[in-house]
Amino acid sequence: MSELTLTVMRLGFLAVLWLFVIVAVQVIRSDLFGTRVTQRPMRRRATAAQAAGSAAAVSPPAAQQAPPQQSRGQRGRASRNAPSKLVITEGSLTGTTMNLTDQQITIGRAHDSAIVLDDDYASSRHARIYPAPDGSWVVEDLGSTNGTYLDRTRLTGPTPVPLGAPIRIGKTVIELRR
């Protein structure tokens, strides 16, 4: 073997060794400091019909489709006692408050969720909270692995949420308040 070949092999081995050290330091750094969660402003999503501007728009799949809405006048007396905000009381987003509108709220680790959780026990599309026709709010688990709990009871279907009842998703606890 020539001296040039041996030198090139030594330099290549040294480059691979440094690459390994750099990757190992990055892994240790991410384990120590975790991932950075950025707050993003809440945006209202336009429905498919509004975006297309016609009645011939394609509706979303049944699992993601919001239930039919009624106007405030049709809700009657129940809307006076209805919750007006969602508050996160435990977890990485503690203290976050969100005003409730007639839109559904999706919760999970996916970046397009209304509430993005940085929680190993939450699924990408974990749960949703949506208004019922009578003015109350309903929570529904979207087939998550670890489940959604309402007042220590695991949800098996859409369930009405009383005021102040804790909704637990992994380490995060959410309440609906007036």
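**Reading a predicted model**

Mentor: Let us begin with one residue and its surroundings, bearing in mind that this is a predicted model. Leaving aside residues up to four places away in sequence, His126 touches Ile107, Gly108, Tyr121, Glu140, Asp141, Leu142, Ser144, Gly147, Thr148 and Ile169.

Trainee: Where is His126 found in the chain?

Mentor: His126 belongs to the loop that links β4 and β5.

Trainee: Is His126 buried or exposed?

Mentor: A residue is called buried when its relative accessible area is under 20%. His126 has a relative accessibility of 0%, so it counts as buried.

Trainee: With which side chain does the side chain of His126 make a polar contact?

Mentor: The partner is the side chain of Thr148, at 3.2 Å.

Trainee: How many helices and strands does the protein chain have?

Mentor: There are three helices and eleven strands in the protein chain. Along the sequence, their pattern reads α-α-α-β-β-β-β-β-β-β-β-β-β-β.

Trainee: In which sense do β3 and β5 pair?

Mentor: Strand β3, residues 105–108, and strand β5, residues 127–131, pair in the antiparallel sense, over three bridges. As an example, Thr106 has Arg128 in β5 as its bridge partner.

Trainee: What is the order of the strands in the open sheet of six?

Mentor: That sheet runs β2-β1-β11-β10-β7-β8, with antiparallel pairing. Its edge strands are β2 (97–99) and β8 (153–154), each of which pairs on one side only.

Trainee: Over how many bridges do β7 and β8 pair?

Mentor: Strand β7, residues 149–150, pairs with β8 over two bridges, in the antiparallel sense. Within β8, Thr153 is the bridge partner of Leu150.

Trainee: What percentage of the residues of the protein chain count as buried?

Mentor: We now turn to the chain as a whole. Of its 178 residues, 28% count as buried. The protein chain exposes about 12300 Å², of which carbon and sulfur atoms supply 56%. As for contacts between residues at least 6 apart in sequence, 43% join residues at least 24 apart.

How values were computed
Residues are numbered from 1 along each chain as its sequence is written. This is a predicted model: local features need pLDDT of at least 70, side-chain atom pairs count only at pLDDT 80 or more; totals for chains, interfaces and linings use all residues. Side-chain values use heavy atoms; hydrogens and water are left out. Two strands pair if DSSP finds at least two bridges between them. Helices (H or I, at least four residues) and strands (E, at least two) are DSSP runs, numbered from the N terminus. Buried means under 20% relative accessible area, exposed over 50%, partly exposed in between (1.4 Å probe, protein chains only). Contact means heavy atoms within 4.5 Å. Accessible areas come from the Shrake-Rupley method with a 1.4 Å probe; for residues, only the protein chains shown count as cover. A polar contact is a pair of N or O atoms within 3.5 Å; within protein, one must be able to donate a hydrogen and the other to accept it, and residues adjacent in sequence count only if both atoms are side-chain atoms.
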